[in-house]
Amino acid sequence: MDGSLIGRDRDAERLGDFVAGIPQFGGSLLVVGDPGVGKTALLTAVSHKAEEAGFRVLHTAGHQYRTQVGYIALHQLLSSVPEYRLREDLAAVTGPALDHGAVAEAAVSLITDLSRDCPILLVLDDIQWLDPASTIVLQTMARRLPGTGAGMLCAARTGAESVFAVDGLHELGPLSAAASERLLVRSFPALAPRVRQRLMADAEGNPLALLELPAALTDSQRTASQALPRHLPLTRRLQAAFASRVQGLPAATRHLLLVAALESSGSMQVVRRAVAGRCSLKHLAPAENAGLVVVDDATGRLSFRHSLVRSAVVELSTSEQRRNVHNALAEAHGGSLELRAWHLALACVEPDERVAALLEQVAGIRAARGDGADAVEALVRAADLSPRGTEQARRLAMAAYVGVNLTGRLREVPRLLDAARHSAPEAGSVAAAAATAVYLLNGYGDVDTAHRVLSAAVLSRPEPCEASDTPLVEALFVLLMVCFYGGRPELWSSFDQAMARFASVPDLAALMRAAFGDPVRARPADWAQLDAVIGQLPGTADPVRIVRIGVAAAYADRLGGLEEPLWRTAYGDRAGENVFPAIQALFLLGNHFWFSGQWSQLRRVIADGLDLCELFHYPMPSWPGRFLVACVSAASGDYEGADSVADQLEQWAGPHRAGAARQYAAHIRTLGSLARGDFEAAYDHASSIAPAGSLPSFASHALWVFLDLIEAAVRTGRRGHALAHIEVGRKSGLAEVSPRLRMVLLAGAALAADDDDVCFAGFDEALAVEGADRWPFEQARIHLYFGERLRRGKSSARARHHLNVAAQTFGRLGAAPWADRALQELRACGRPIGVEAQHADSALTPQQWEIARLAASGLTNKQIGEKLFLSPRTVSTHLYQLFPKLGVTSRAALRDALERLNTSHDGSGYPHRPISVEA
């Protein structure tokens, strides 16, 4: 079928089957559907195919406003036929008593004669608007067509099925969501994703609406730099399609429909209260009979047959009518702050501080439940209604901040802040400073300017500050992140000064400062508070709060308790609207997957997060995601890929004075050096984060390289440095922060121990820590260290057990260099246990399985590398390693080898069940 018809393959196949049967069976088929659903386009495509197949195709169409006299449609249908002689028949039967039977007999005879030469397809579009005379004749023809070698294909709007009695009926429904999106992307590729989603929701799969609604928007609305109106404007074509049936309704019915359209929830009780005194619900009957609205008797809810009928009702009203209805609805919704405030705002024609203040409250409520776009809209409207320039400026600045902090609208920040400055040039607000800082930090990575702007704003507020001062508290959270990314202890002094000005310190800001900013110096009470707020998160809708608690939990190894809310923030219903929290949630999940050994899952969520960063132009927030992928690359032996990210981080960190990026790079290089066996380099890189024997203030990252530094120190002969680092970890209470830190602290002490008995007891104690298996990479490293020490102590049997566990765990993770070290130690013990004798399937790591699957699908090494964030050379190395494990010598044999292995598993294609998280 016509390639331009997106999402209509099944419909085209149904009509194609009918046409193909015409030479043998003849007959008629009616296609019904709503206005704009694509009936004409489908009939046109079928007609072209029929002509290509040798059919003679004759067309006619009804027109709503064409004169209804005579056989106009019949003339149009047959006018292209040279043998057409019906004009003589019509001339003979004109008059008050037209002989429709004679005309129909002549028409059928003509079509029958024509079908002897080739099959005939009669195409009748919009039959509900055919002139009456033609309708009678063509209906007679439809009954006479079976067995003639001719067929009739008709189209009518839903509700007009009774116009023709036909042999078959086909209902043309709306396009699927996927087809709607393809049509929009093809026709309007520059539409912003959130705009595309809104248009899809309003169009409800109607192709005409999908093609016309974007045309009615401005350029700034199409790119999402300007918010869309609550009711989208209709083009003339859409008005013609959807407004015509509304215009003919009685005035009372149209008023009732306008109330229902602006009320939007469908509550008949609210509609009844709003129309009291003007009309009653009985006036809804004409609209119900016309199929414009439906009332559910069970729920008492009113719904429009199509959302564009609602838009047509609104567009056919005057501004005064709409304002009156909004005022009536505000009264009818008296018990709901949000609905009352919105209707009052829409009824206003002049500034009104009372309504503006109500809308600001509404914005706070909506932001807290994750309705970022609605919160911004409420604040912008509140600014419009603000009588004073200072209040207008403050609300515009808050809109900029909420927008960038929730919806990802970085590009809107300058416009809104410019408007705020224009409203009150002399007024500088904390909200404006917060929005500016987020814009500078996330858009440009300008740490120092963001810090300077925020510090000046928060420290200029008079004391005592109150925790109820939302803009000031939000500015504190931004300042905290600026200080973290700056990675310099001196930046935190302004944050602490600001906190000291509060009469009652904001709890979450204080918790994040302790647990995330300087976790080494956090108190047991801080960890208890963190556990308490994590326990309260299930069911929380506020994506910003979820992310902030996730940030507080990151260095304390508690992200496992936030998987569900983080997953909901990243992939839930509002993830597409709340872009910035989604990015942060994805990277926090990636953080958790790194430590929990779910590295394949890590690559997937980080890839999604990086896609969002690129789409919404977030360079700075992309670095945590790139860092995590590079950690996996370094541990897996992809040194080229890991070093490339580390190089980029260092290049970024220098001019932007972003110390956190420099620490990320040092961590990546530490892991890569350990994997290579270059322990001197590993010591240097780890020491650049926190020198041995010290855990500096605000060096949170030191907790992630604690074991790395101890191992590098021991293996380079710096046992004293290792012991000093262990001692400072003990004194800092790291064992009480999390089981993982307790495990690595015990393991580090065992690794540095001079006495074998102390060493062995220490490793046993480390591996016995409750939940140690939640951190498989570090647990496997401890097994490796234990096995190495046992082998040197001539305890080969015990050594083989630990080395075997290490080798298998490293293999499952895809940490090839570490697995090789464990296997070398096993061979030195004399005989590997259960490793070299593994079946080919269990010998493949998850990463190798993924590479093998992609290679079997026909992707090149470069394409595989792009999907998995690996260099082509690393992909080639993995293929070289996995070919002998699968018993194949070429890529061509991979598919069969993988299919053979799959039959012995659960069908997942993996030797172990892949990780899955319910969204």
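Tutor: A helix, as the word is used here, is a DSSP run of type H or I with at least four residues, and helices are numbered from the N terminus. With that settled, we can begin with one residue of this predicted model.

Student: Where does proline 286 lie?

Tutor: Proline 286 belongs to helix H16, which spans residues 285-289.

Student: Why does proline 286 count as partly exposed?

Tutor: Its relative accessibility is 27%, and since a residue is buried under 20% and exposed over 50%, with partly exposed in between, proline 286 counts as partly exposed. Leaving aside residues up to four places away in sequence, proline 286 touches Leu249, Pro250 and Thr253. Arginine 8, by contrast, is 278 residues apart from proline 286 in sequence and 33 Å apart in space, taken C-alpha to C-alpha.

Student: What makes E2 and E5 the edges of the sheet?

Tutor: The open sheet has 5 strands in the order E2-E3-E4-E1-E5, with parallel pairing. Strand E2 (56-61) and strand E5 (168-171) each have a single partner strand, so one side of each is left without a neighbour in the sheet. From one strand to the next, the twist averages 15°.

Student: How do you know that E2 and E3 pair?

Tutor: Pairing requires at least two bridges between the strands, and 6 bridges join E2 to strand E3 (residues 120-125), the two running parallel. Within E3, isoleucine 120 stands opposite arginine 56, and leucine 121 stands opposite valine 57.

Student: What makes E3 and E4 a pair?

Tutor: The same cut-off of at least two bridges applies, and E3 and E4 are joined in the parallel sense over 5 bridges. Glycine 151 in E4 is the bridge partner of leucine 121.

Student: Why is E3 called mostly covered?

Tutor: A residue is buried when its relative accessible area is under 20%, and 6 of the 6 residues of E3 are buried. Both faces of the strand are covered, with Ile120, Leu122 and Leu124 on one side and Leu121, Val123 and Asp125 on the other.

Student: Why are helices H37 and H38 called oblique to each other?

Tutor: Helix H37 (residues 679-689) and helix H38 (residues 706-715) pack at an angle of about 140°, with their axes 8 Å apart. Angles under 35 degrees count as roughly parallel, over 145 as roughly antiparallel and 65 to 115 as roughly perpendicular, and the rest are oblique; H37 and H38 are therefore oblique to each other. Their crossing is left-handed. Among the residues that make the contact are Phe679 and Tyr683 of H37 and Leu709 and Arg715 of H38. By class, this contact has 7 nonpolar, 1 polar and 2 charged residues.

Student: What makes H34 roughly parallel to H36?

Tutor: The axes of helix H34 (residues 619-636) and helix H36 (residues 659-676) come within 9 Å and cross at roughly 5°. Angles under 35 degrees count as roughly parallel, and that makes H34 roughly parallel to H36. The residues in contact include Trp623 and Phe627 of H34 and Tyr664 and His667 of H36. By class, the contact of H34 with H36 has 10 nonpolar, 2 polar and no charged residues.

Terms used. Residues numbered from 1 in each chain as written. Predicted model: local features only at pLDDT ≥ 70, side-chain atom pairs only at ≥ 80, totals over all residues. Heavy atoms only, no water. Axes fitted to C-alpha atoms, helices over the stretch in contact; angles between N-to-C directions. Left-handed = near helix turned anticlockwise from the far one by under 90°. Contact = heavy atoms within 4.5 Å. Nonpolar A, V, L, I, M, F, W, Y, C, P; charged D, E, K, R; others polar. Buried < 20%, exposed > 50% of the residue type's maximum accessible area, 1.4 Å probe, protein only.
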